[in-house]
Amino acid sequence: MKIVIADINLLPHRERFEAAMPTGAVVQWHPGGVPHDDLRDADVHIGSRFTAEMASAAEKLRLIHIAGAGTDKVDFDALPPDVLVANTFHHERSIAEYIVAAAVMLRRDFLDQDRKLRRNTWATSVYNPAIPQAPTLGAAHIGFVGFGHIGQQAWKLFRAFGCTAAAVTGSGRIPDCGLSWAGDTSHLNRLMDDCDVAVVSAPLNAHSVGMIGDEQLRLLGVDGVLINVGRGPLAQEPALHNALADRVIRAAAIDVWYRYPTNCTQSAPSNLPFADLPNILMTPHSSGVTRDTFAGRADDIAANIGRLERGEPLENVVAPN
């Protein structure tokens with residue numbers, strides 16, 4: 001069996017991964033992309049991107065495994081019917097940490113305090129009575145837009161602080177885990193009106209794109225915080241920028257964007273000047289990037305390759321949309 005790996009995030013776990021391979025497996029690392037000559041006789045390709053051109057070159061391919069959750073860069077239409085596509089997660093603990101940390105930072109105005117203290121201004125009610133005292137996290141009601149692995153793990157942390165929460169999903173089917181209420185996305189406006197912190201982790205599809213717009217942000221309100229760890233286009237780009245610029249909402253933490261670098265070149269994450277806004281925490285899709293995440297993903301992928309070798313059913317097989 002030949003395995004080719006194009007995902008640079010697995011390199012720190014190379015020894016761990018190779019030790020878990022089936023006997024006789026050949027593993028080739030191509031973090032810059034797999035040359036077609038090496039792809040031609042590969043059984044397994046590990047990487048987030050798989051094009052029609054790659055599919056035509058891969059004559060023996062049996063499995064495309066993504067070291068993450070998203071399959072939007074795989075051209076399913078170009079794949080032969082016997083080629084499997086699988087993904088893996090393990091990012092929920094890391095992203096949940098980010099969500100809770102961002103909620104504390106933004107609700108208590110730590111971004112603003114940091115920026116002002118660099119200019120010798122002590123922006124706290126102790127030195128300026130016009131500034132209100134901030135609430136603790138436990139006083140917050142959390143609204144989950146999407147409630148899968150990430151939402152459920154974040155809720156465990158929020159719950160430990162004493163928060164209350166509600167959630168909406170596409171199906172409305174949500175496990176009983178102490179939420180105030182739950183429903184399908186027809187209840188999105190109620191959720192946004194009720195909550196202090198909106199956590200967006202829904203999958204991006206034809207039904208969810210642009211689901212957070214002007215109306216939803218107005219309902220979140222002037223004390224509300226938006227945290228998007230799902231996909232950028234879940235929130236409408238101009239609506240989000242305007243809501244922050246005009247203080248329609250208090251603040252946002254945005255880890256997922258509207259533009260991404262291509263071919264290792266740097267680029268702005270949006271056509272709009274989010275970087276000029278003082279009330280946004282901007283991170284480069286890094287909320288899930290930890291050793292914990294990718295060690296777990298390396299283990300999951302190795303286990304699936306073992307199942308493939310033994311002719312057993314694979315876990316996390318993804319069907320085309």
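Strand β4 (residues 63-65) pairs with β5 in the parallel sense, over three bridges. Strands count as paired here if DSSP finds at least two bridges between them.

The model is predicted: local features need pLDDT of at least 70, side-chain atom pairs count only at pLDDT 80 or more, and totals for chains, interfaces and linings use all residues. Residues are numbered from 1 along each chain as its sequence is written, and side-chain values use heavy atoms, with hydrogens and water left out.

Now widen the view to the whole sheet. It is open and has five strands, in the order β2-β1-β3-β4-β5, with parallel pairing. β2 (26-29) and β5 (84-86) stand at the edges with a single partner strand each, so one side of each is left without a neighbour in the sheet. On average, neighbouring strands are turned by 15° against each other, direction ignored. Such angles run from 0 to 180 degrees between N-to-C directions, and the axes are lines fitted to C-alpha atoms, for helices over the stretch in contact.

Next, take β1. β1 and β2 run parallel and are joined by four bridges. V4 stands opposite Q28 in β2. Between these two strands the chain passes through helix α1 (residues 14-19), and this β-α-β crossover is right-handed. That is, with the strands pointing away from the viewer, the path from the first strand over the helix to the second runs clockwise. β1 also pairs with β3 in the parallel sense, over three bridges. There, V4 stands opposite H45 in β3.

Which residues of β1 are buried on its two sides? K2 and V4 are buried on one side, I3 and I5 on the other. Buried means under 20% relative accessible area, exposed over 50%, and partly exposed in between (1.4 Å probe, protein chains only). Helix α10 (residues 291-310) lies across β1 (2-5), β3 (44-46), β4 and β5, and runs at about 170° to β3.

Finally, turn to helix α6 (residues 149-161). Its buried residues are I150, G151, Q153, A154, W155 and F158. The cover over them includes α4 (92-107), β6 (141-145), β7 (164-169) and β9 (197-200), where contact means heavy atoms within 4.5 Å. Just after α6, G162 takes a positive phi of about 100°.
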